Amino acid sequence: MPTTSPHDPKARELFDEMARWPIFDPHSHIDPTRPAARNFDEVLGYHYYTELAHSAGMPAELVSPNLDPETRVRNLAGYLDRIDNTVQYSWLLEIAKTFHDFPHDRITPQNIGELYDRAQRSSSGEAWDREVWKKSQLEAVFLTNEFDDPLEGWDPQKYVPCLRTDDLVLKLHEPTTVDRLRRATNVDVQDYATLRQAIGVLFERFVKRGARACAISLPPDFAPYRATAKRAVTPVRRAIHQMDQRPDEHDEVRQVVFWTLAEFCAEFRLPFDLMIGPIRNVYPAGVAGGRDLFDRRVSLHGYRELFNHFSGVTFPVSTLSPDAGGELVAYSWIFPNVIPMGHWWYSNIPAYIAADLRARLQAVPKVKQVGYYSDAYKLEFVLPKFNMFRRVLAETLADDAVRGQGWSIDRALELARLILLENPKRIFSRAGAAS
Amino acid sequence: MPTTSPHDPKARELFDEMARWPIFDPHSHIDPTRPAARNFDEVLGYHYYTELAHSAGMPAELVSPNLDPETRVRNLAGYLDRIDNTVQYSWLLEIAKTFHDFPHDRITPQNIGELYDRAQRSSSGEAWDREVWKKSQLEAVFLTNEFDDPLEGWDPQKYVPCLRTDDLVLKLHEPTTVDRLRRATNVDVQDYATLRQAIGVLFERFVKRGARACAISLPPDFAPYRATAKRAVTPVRRAIHQMDQRPDEHDEVRQVVFWTLAEFCAEFRLPFDLMIGPIRNVYPAGVAGGRDLFDRRVSLHGYRELFNHFSGVTFPVSTLSPDAGGELVAYSWIFPNVIPMGHWWYSNIPAYIAADLRARLQAVPKVKQVGYYSDAYKLEFVLPKFNMFRRVLAETLADDAVRGQGWSIDRALELARLILLENPKRIFSRAGAAS
Amino acid sequence: MPTTSPHDPKARELFDEMARWPIFDPHSHIDPTRPAARNFDEVLGYHYYTELAHSAGMPAELVSPNLDPETRVRNLAGYLDRIDNTVQYSWLLEIAKTFHDFPHDRITPQNIGELYDRAQRSSSGEAWDREVWKKSQLEAVFLTNEFDDPLEGWDPQKYVPCLRTDDLVLKLHEPTTVDRLRRATNVDVQDYATLRQAIGVLFERFVKRGARACAISLPPDFAPYRATAKRAVTPVRRAIHQMDQRPDEHDEVRQVVFWTLAEFCAEFRLPFDLMIGPIRNVYPAGVAGGRDLFDRRVSLHGYRELFNHFSGVTFPVSTLSPDAGGELVAYSWIFPNVIPMGHWWYSNIPAYIAADLRARLQAVPKVKQVGYYSDAYKLEFVLPKFNMFRRVLAETLADDAVRGQGWSIDRALELARLILLENPKRIFSRAGAAS
């Protein structure tokens, strides 16, 4: 058995059925032109392994991009025993067993060579992509596309485009952002009016190519308010031309660009994924992808004006700080357009998933819950991450619904199917979109 | 069986015994002149159902007060399947089964007519009040009385008056507040001195009519300090005469009225229920009763001066944000006059109750815990809400006390009885009151 | 059986093995010249009992230091039934049974005399110290030494010195602090230069005497930044000479002294224990040791500059507010030098330990976790507190590792041994120290 079923018999029954279902994954960082890993370095290069190993004592140089892949893998393997308690390690082992027939129970410096060889697919990349896709029973996986992504070369029904907008909101003042925007849109962006025009071009193109969400990650100090283009016109122009800005002007720019994006989400009927919490580069000496953290003092109350104003926009919300889950339950219980979405990053471990999930199942309308997304960079991770969630879901339903309320197994499975498959498909279908 | 007993045998044994006990409910919004629901619209009109259905897609107009009751019920019934996972839905089903012999396991558009007919009591209202009271084994239920409530027409031993003071503290500047206060007290309120005199009249009257608590809900930005009448004299006069106020003056008014109430609580030996956290009207387009939320960034540290100064006043505290429970445990562990009171509103679901309750049972002196209150608007809700709590309590005691520490069932039941019945009776007895 | 083993068979198997292990306790307040209690007043005098009894209604005078020990004990015994639900009470009973052959299941006014007599050791103090040490299988216990502690008269391999620095950072402006510092170091402290010199003398002496950590508790409003001696030179001089200071100057002094301590920790390879959260004297009318609380609005983000700058210093971190645990998991998952350390004070009850521990075991490299410390004032408490933790650890491993992931009992025990024994020994070994 590649995957550990739950020990409790009812939970196992639920899990085993869920494990037969397809996967619809509404958020990932998969590269659709190279979705599965070509070698084990592309698996072990996931920031969870490099950052945990580094946190456990591995010098960052040992996984430097300047090294060759096999060396990086061998280096990291020397530290895996220090993190073999983590849930992230369990994903790794599930990948090794499920996809590479790895026969051992731990990955060690002794057997890493064997695993590296087994996972070598550089000569058969696309066939391997298809195999992982099939074995995972993937139905669709959402991408994270930079605004200037050409969006060509793949089937957008399977690899669903999603417009990621962090750079536009948070880095408009950086020269590359405006240059990229001009090139991507053929609009000569010089001020707020042309910026707005360019953003319209982006939405048009993304939607035409099958995009089903707009997404952004926002720092804890961001609290959106209704920005007026009028007031922002000067700061935006100054940002576009890389002129000095006062902090309040910089915030004005973030606000007006963000609000403009929400307006286009309304116009194009795109859900706007809000990923709330990260502060970038808190630990600059960390490994790539392992430098961001958060300040837990953040509240969804800061988003009330947004949620009220854009009552027609669906906001699937992920929160980063594990203690913020209760607020998300309450806000999705009240606001029709707020959707609790999956379990994210530092909150994506079974202990926090179990606590959040239990509360959501008890207090948020079932039709509003998007159970899970993988956030994966390589296809191989979709399955073990979803299985982790399915396991917690099975245990929660066995305890609270089947034993706790006398539900039948079928009724519990109906609820599971809703939050794993039907809800995300419906919520991200751009229902009512006229385009 | 109308109620689902816990699955675990020890927990079931504990629950089944508790289910035989009377209920003493130290906080509700029951109307004592019309306590039980005259029809099923008065049950389904509870904000939990309208707000959850609205959050799940039901337009607010479908439950407009302008519609007739049966239409509202039929409209809402069309959305109940979207929220049938919630604990609130389980209360509804328990009401239907316990009080109306409803034979089905779900409430649907097909059987809602049957349920509506079964629950029709408009011709036998008072007999129905008595039947619900008896079936629930109610001993007493505390009310939430506006300060100008005439407090007449019911037995205050059963329907215990409680002076609710939100309007005095938070809305003194609104013209109706002062008018109501003048009429209720026959005091010509013009300044702080006469305001104080009027409040004294209120306390006198409430206590004479059997009131056993003063109560208020406070927003997260409120942090009481010792207000001096001297400094507040001008802002209070300006508020009473509806003159413009600066924000700091408005706060000064809130502070001095609140502090004055605490002084009267001390004088009249009334516990002062603090319900900390709600922000009103965060979602103005919501259904009635479903517009309030919170900002989780709140701390009991803001109440230290109050707790210290009024060492003779008992403060039963409810906190709204689910993540605030740990602080309440610590503050009630240290301050003799701080009492952790029940599980409130957004924190009143089994997932949060279980976490909070377990911690309270492990760290707060048992004589200080007020287990639960219903917060109900109609009598029918008291029983299923208390049963929800009793179930969590039974499971917690079975795990932590009986299996965890080898307690006998009887010892566990003693503790349950203490926090469900004996503590609230003693704490709200106005012990030592001279009046 | 003095100790209740877990009820679950797998957990019991794990616990029973752990209960045979020695204890390595990396933080306590033991007095090495009088480690075990000479009488039961020294047990019941632990602030947990006096503060919980006081919170439950006992007047503080009943445990006044002016009373004789037996009277205090008899007074407090009259209130123990009010707190016999608490985990702290369970430690007490375990002490009575394990160390004093107390045959009863509750401590009452009727049998307190018997217990007092059984626990009387004034004539055989040192033999008793040895007996408690042996029965607890103690290997080493860390102390909390004031900076002017002479550090003589005991074996520093067993009673490990630890430099506590609260007074230097938070109370430099108080005359006694500087006087004590001058006497302890023979440095004529007059300004920042001589202050620094004196602190160097302290580190030198502590390390020479076997100190293995520097420690401090910090209030929630403290957020360390890189203080420059240059800017601080005047405020420090003013503090040393007890001249008036503005709040910003006072903060400047705290900052520069704290940063200086961290520099010496780097130089002497001492881990720097950060105990984050307490606010002193929130409830001034409380019993001794029972007056401190916290404001839960605190974030480790405030420590980023410290963690980055002192990458060579290990920071074992304890957080006070129960809801802060998730942030500590994330910061120790990313920063190599941040260690989640035990479960502290208001967070040291099974409900919070279980939640925090589960998350740490799932997401923090196993080699970085310091499972537990007793924080005890008397040796007798080390065993029951460690047993409480071992019980939670056994239950967590039985659920999540053995049943959840199919680990063998041996593998689960390896992990337990690592966080209970091997990690603390290695982390506090001053590895790499040149001195």
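The following legends describe close-up views of a predicted model.

**View 1. Contact between chain A and chain B.** In this predicted model, the contact draws 40 residues from chain A and 38 residues from chain B. Together the two chains bury about 3,200 Å², and carbon and sulfur atoms account for 57% of that area. On the chain A side, Trp333(A), Ile334(A) and Gln362(A) contribute 23% of the area buried against chain B, more than any other three residues.

**View 2. Polar and charged pairing between chain A and chain B.** The interface of these chains holds 3 salt bridges. In one of them, Arg411(A) is joined to Asp84(B), with 3.9 Å between the closest N and O atoms. The number of residue pairs in polar contact between chain A and chain B is 20, counting pairs with both residues at pLDDT 80 or more.

**View 3. Helices of chain A that face chain B.** At least two residues each are supplied to the side of chain A that touches chain B by helix H13 (304-309), helix H14 (325-334), helix H15 (350-363), helix H16 (382-405) and helix H17 (409-427) of chain A. Of these elements, H14(A) gives the most, with 9 residues. Sorted by class, this side of chain A comprises 17 nonpolar, 11 polar and 12 charged residues.

**View 4. Contact between chain C and chain A.** Here 40 residues of chain C meet 38 residues of chain A. The area buried between chain C and chain A is about 3,200 Å², with 57% of it on carbon and sulfur atoms. Trp333(C), Ile334(C) and Gln362(C) are the residues of chain C that lose the most area to chain A, together 23% of what that side buries.

**View 5. Polar and charged pairing between chain C and chain A.** Between these chains there are 3 salt bridges. One of the residue pairs in a salt bridge is Asp84(A) with Arg411(C), at 3.9 Å from N to O. Residue pairs in polar contact between chain C and chain A number 20, both residues being at pLDDT 80 or more. Helix H13 (304-309), helix H14 (325-334), helix H15 (350-363), helix H16 (382-405) and helix H17 (409-427) of chain C each give two or more residues to the side that touches chain A. H14(C) provides the largest share of that side, 9 residues. The class composition of this side of chain C is 17 nonpolar, 11 polar and 12 charged residues.

**View 6. Open sheet of chain A.** In chain A, 3 strands in the order E1-E2-E3 make up an open sheet with parallel pairing. Strand E1 (23-25) and strand E3 (159-160) of chain A are the edge strands, each pairing on one side only. Strand E2 (residues 138-142) of chain A is linked to E3(A) by 2 bridges in the parallel sense. Val141(A) lies opposite Tyr159(A) of E3(A).

**View 7. Two loop residues with positive phi.** Most residues other than glycine have a negative phi. Arg269(A), although not a glycine, has a positive phi of about 55 degrees. Arg269(A) lies in the loop between helix H12 (247-268) and strand E6 (272-276) of chain A, and its relative accessibility of 36% makes Arg269(A) partly exposed. In chain B, Gln242(B) is likewise not a glycine and has a positive phi of about 55 degrees. The loop that contains Gln242(B) runs between helix H11 (229-240) and helix H12 (247-268) of chain B. Gln242(B) is partly exposed because its relative accessibility is 37%.

Terms used. Residues are numbered from 1 along each chain as its sequence is written. Chains are lettered from A and ligands numbered from 1 in the order in which they are written. This is a predicted model: local features need pLDDT of at least 70, side-chain atom pairs count only at pLDDT 80 or more; totals for chains, interfaces and linings use all residues. Side-chain values use heavy atoms; hydrogens and water are left out. Contact means heavy atoms within 4.5 Å. Buried area is the accessible area (1.4 Å probe) that two parts lose on being put together, summed over both. A salt bridge is a side-chain nitrogen of Lys or Arg within 4 Å of a carboxyl oxygen of Asp or Glu. A polar contact is a pair of N or O atoms within 3.5 Å; within protein, one must be able to donate a hydrogen and the other to accept it, and residues adjacent in sequence count only if both atoms are side-chain atoms. Helices (H or I, at least four residues) and strands (E, at least two) are DSSP runs, numbered from the N terminus. Ala, Val, Leu, Ile, Met, Phe, Trp, Tyr, Cys and Pro count as nonpolar, Asp, Glu, Lys and Arg as charged, and the others, Gly among them, as polar. Buried means under 20% relative accessible area, exposed over 50%, partly exposed in between (1.4 Å probe, protein chains only). Two strands pair if DSSP finds at least two bridges between them.
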